[in-house]
Amino acid sequence: MKFQRIGGQVTQVDSASAEEPSGIPDVLRRVLEANPPDETDAEKRGLPFQPRSYRDFMLFERHYYGAAIGMTSLYRPLANKLGSLFSRITGIDFPLFKPHALWYKQPIFYQSNHLAFYSDGASITYPSYCEYLDVELELGIVLGKPLYNASPDEATAAIAGFCVFNDFSVRNGQMSEMASGFGPQHSKAFANSISSTVVSADEILPHIDRLSGRIIVNGVVVKEPKVDNWQFSIGQALSHVSTGTRLYPGEFFGSGTFPLGAGIEYAAFQLQVGDVVKLEIDGIGSVTNTIVAETR
């Protein structure tokens, strides 16, 4: 089932049936109702819910590799040329553009600002320190049940629903922040947005390996991302986070960027003030935002 917050009320929007939702859809509805957004903030009141926390995974190797090519072409040109030469000669990926060895052993994630979530239709400020504003098309995951030292199957069963997630990013500051050893900071914590609709997990999990979508800037499709190979399943990723840590309904997770789900991949595009960007995932929904100049 698909839910949306309309007039402050969580409403089922994909069925004319008068029957009350049960099972997983009912869990999702209860989570959305228990975590309302800030009604006093015009840029947030359209959120389907206010996340209680936010963690973001990185589960797709091809996104990482494409982003490494794009980032080095802009900020480490010598490394980019070396990588391009290596791949032309050998026909294989340049090892230094691939994820750290730990990425292949366990799900990698960082924790960021759950209060910087904006709704579908909201304006997103172009930060004063930004020179390259980017989007990331991800699958947003809404937790519906508590988890602690959970197995992957238990973690999967605890997922209430999914939405479209845009992880806005400032690329010119990201590399230096991550090199500090503390992970992304200003480059990631200033703004995210999610679709107004959230779909219950039972509708998405059966075809989660075949999700596809689009990035549309000013009415033009600039990328058509799709899932390829998950390094870890979402159940495995959530299970990992729950190790020694109690998780609660209403917490939010990003899947990590879909392959071709960001402008920095191969340095394809970036956002400017005045742009209208729309991210879509088929079968789930879309989120649209307008980029505006900082006023103070």
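A salt bridge here is a side-chain nitrogen of Lys or Arg within 4 Å of a carboxyl oxygen of Asp or Glu. This is a predicted model, in which local features need pLDDT of at least 70 and side-chain atom pairs count only at pLDDT 80 or more, while totals for chains, interfaces and linings use all residues. Residues are numbered from 1 along each chain as its sequence is written, and side-chain values use heavy atoms, with hydrogens and water left out.

**View 1. A salt bridge joins Glu-61 and Lys-98.**
The N to O distance is 3.5 Å. Glu-61 lies in helix α2 (residues 61–75), and Lys-98 sits in the loop between α3 (77–90) and β4 (109–111), so the pair ties together parts that are 37 residues apart in sequence. Helices (H or I, at least four residues) and strands (E, at least two) are DSSP runs, numbered from the N terminus. Lys-98 has 29% relative accessibility and counts as partly exposed. Buried means under 20% relative accessible area, exposed means over 50%, and partly exposed is in between (1.4 Å probe, protein chains only).

**View 2. Asp-26 and Arg-29 form a salt bridge.**
Their side chains meet at 2.8 Å, N to O. Both residues belong to helix α1 (residues 23–34). Because they are 3 residues apart there, about one helical turn separates them. Asp-26 is buried, and Arg-29 is buried as well.

**View 3. Glu-280 pairs with Lys-278 in a salt bridge.**
The N to O distance is 3.3 Å. Glu-280 is buried, at a relative accessible area of 15%. Lys-278 is partly exposed, at 28%.

**View 4. Five residues share one salt-bridge network.**
Asp-134, Glu-136, Asp-167, Arg-171 and Lys-188 are joined by salt bridges that share partners. For the model, the salt-bridge count comes to 12.

**View 5. Asn-80 sits buried in the model.**
Asn-80 lies in helix α3. Its relative accessible area is 13%. Which residues does Asn-80 contact, leaving aside its neighbours within four places in sequence? They are Ile-69, Thr-72, Ser-73 and Phe-97. Contact means heavy atoms within 4.5 Å.

**View 6. Tyr-132 lies in a loop.**
This loop runs between β6 (123–126) and β7 (133–134). Tyr-132 is buried, with a relative accessible area of 5%. Tyr-132 and Leu-279 are 147 residues apart in sequence. In space, 18 Å separates them, C-alpha to C-alpha.

**View 7. The protein chain as a whole has 7 helices and 17 strands.**
Its radius of gyration is 19 Å, close to the 19 Å that the globule rule gives for 296 residues, so the chain is as compact as a globular protein of that length. The radius is taken over C-alpha atoms, and the rule is 2.2 Å times the number of residues to the power 0.38. The C-alpha trace spans about 60 × 45 × 30 Å along its principal axes. Of the 296 residues, 50% count as buried. Among contacts with a separation of 6 or more, 77% come from residues 24 or more positions apart.
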